[in-house]
Amino acid sequence: MTTVFYIATLMVCFHGECTEFKSIPYSYDTSITNCTHMLERVFQTQVGPYYDNIINFDIDKPEDIKITYSSCDVAK
């Protein structure tokens, strides 16, 4: 039987420029709880550090960042 792998994906836009962030492939646990955990991990380890270097907290607002897509999908 073939093992199916999943990837947590976030598409985040800041001032109209969008960037896609993905987790490493994971398998077996496809529950919503695990998907949520994987999305949180991607946000904490990739999205946060990426935007820490871009956001100017003196002029930018939280509303300037939009998560336009978040899901756990089958890896291709």
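## Contacts and overall fold

Two residues are in contact when they have heavy atoms within 4.5 Å. Among the contacts here between residues at least 6 apart in sequence, 63% join residues at least 24 apart.

This is a predicted model, where local features need pLDDT of at least 70 and side-chain atom pairs count only at pLDDT 80 or more, while totals for chains, interfaces and linings use all residues. Residues are numbered from 1 along each chain as its sequence is written, and side-chain values use heavy atoms, with hydrogens and water left out.

The protein has one helix and four strands, running β-β-β-α-β from the N terminus on. Helices (H or I, at least four residues) and strands (E, at least two) are DSSP runs, numbered from the N terminus. Along its principal axes, the C-alpha trace spans about 55 × 20 × 20 Å.

## Burial

Of the 76 residues, 29% are buried; buried means under 20% relative accessible area, exposed over 50%, and partly exposed in between (1.4 Å probe, protein chains only).

## A look at Ser23

Let's zoom in on one residue. Ser23 sits in the loop between strand S2 (17-22) and strand S3 (26-27). With a relative accessible area of 9%, Ser23 is buried.

Leaving aside neighbours within four places in sequence, the contacts of Ser23 are Ile7, Ala8, Met38, Val42 and Gln46. For Ala8, the backbone nitrogen lies 2.9 Å from a polar atom of the Ser23 side chain.

Technical notes. Polar contact = N/O pair within 3.5 Å; in protein donor to acceptor, adjacent residues only side chain to side chain.
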